[in-house]
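Work through the following exercises with the sequence and the model side by side.

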Amino acid sequence: MDLCVTIKGVSFLLQTGMGILGNTVVLMAYVHILYTEHKLLPVDMILCHLAFANLMLLLTRCVPQTMTVFGLKNLLDDAGCKVVIYSYRIGRALSVCITCMLSVFQAVTIAPAGPRLSRMKAMLSSLILPTFAGLWLLNMAICIAAPFFSIAPRNGTVPAFTLNLGFCHVDFRDNLSYVINGVAVSVRDFAFVGLMLGSSGYILLLLHRHSQQVRGIRRSQGGGAEIRAAKTVVTLVVLYVVFFGIDNVIWIYMLTVAKVSPVVADMRVFFSSCYAALSPYFIISSNKKVKAKVVCAADQEQPSGDTQDTNDK
């Protein structure tokens, strides 16, 4: 196997393995919290949904991509490609939308209370599930064209205006369809990223003001947890924006050429999936509830291993 192919395969394998493990751990931790406490806080519901969207993205894009890199062919037929590509598009869209939702939610939560804002804060919990439903419907509608253009790879050369994903082809057939699809996806992404940056900037402003005020006042009101959560949200937003920027630089380049090199397409897949692979570890390290569940599970496994070693002796 060629060295470059090996490096690419190992990179995708590590990214996919780490991402699936991390997001699965986050989901299982929240399932356990829901089972023991019989409820999830709004921010926990958002983080749980983000982990699910990221896991959906990794399973439908990185897993088949990794298998293709290692030489597996004919993974999917036309119907399989339509389902996988549509699911991936929705998962990717939900990842940016829910990160934006998390940022806006945290900005409203830590904002100084006022007459109008107090009413909005009281309504936040009841708006979580309808917002999830709205985001699913919005992105299912925006991504509806994906199944119509997705086909299994054909023998021979790749036609113009076709994204060669390795395991599937996305054939837009003409330049107009190619550009319209790219513009629609980009407008949605930039709109949510813009809202994400605005709310995160507001969070940073509030954190700066907080650092200049008497800290004991906020702590006496239980603001410490909110500040920690706000810092976690800003970290996730920065992480997303960095990889979003790299992803879209490559995407804009891809829109300017008729035939996209598989190497360029692979680079975009890798960078666009980095957020999904890395974000669960920020959640685990910064969220006390999730971290406690992970540590508790690890501690429960340790004695059984020690007992087994004693029995073997």
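Contact here means heavy atoms within 4.5 Å. The model is a predicted one, in which local features need pLDDT of at least 70 and side-chain atom pairs count only at pLDDT 80 or more, while totals for chains, interfaces and linings use all residues. Residues are numbered from 1 along each chain as its sequence is written, and side-chain values use heavy atoms, with hydrogens and water left out.

**Exercise 1.** Locate M196 and decide whether M196 is buried or exposed.

*Solution.* Begin with the element: M196 belongs to helix α6, residues 175-212, where helices are DSSP runs of H or I with at least four residues, numbered from the N terminus. Next, take the relative accessibility, which is 0%, so M196 counts as buried (buried is under 20% relative accessible area, exposed over 50%, partly exposed in between, with a 1.4 Å probe and protein chains only). Then list the contacts: with neighbours within four places in sequence set aside, M196 touches V96, T99, C100, S103, V237 and Y240. Finally, compare sequence with space: C97 is 99 residues away from M196 along the chain, yet their C-alpha atoms are 8.8 Å apart.

**Exercise 2.** Describe helix α2 and how α2 packs with α4.

*Solution.* First, α2 covers residues 42-69, and its 28 residues span 40 Å from first to last C-alpha, close to the 40 Å expected (1.5 Å times one less than the number of residues). Second, α2 bends by about 30° at L58, the bend being the angle between axes fitted to the seven residues ending there and the seven starting there. Third, because 21 of its 28 residues are buried, α2 is largely enclosed by the rest of the structure.

**Exercise 3.** Which value does phi take at H38, and which at N74?

*Solution.* Start from the general rule that most residues other than glycine have a negative phi. H38, in the loop between α1 (3-37) and α2, has a positive phi near 65°, and at 67% relative accessibility H38 counts as exposed. N74, in the loop between α2 and α3 (78-110), has a positive phi near 55°, and N74 is exposed with a relative accessible area of 75%.

Conventions. Helices (H or I, at least four residues) and strands (E, at least two) are DSSP runs, numbered from the N terminus. Axes are lines fitted to C-alpha atoms, for helices over the stretch in contact, and angles run from 0 to 180 degrees between N-to-C directions.
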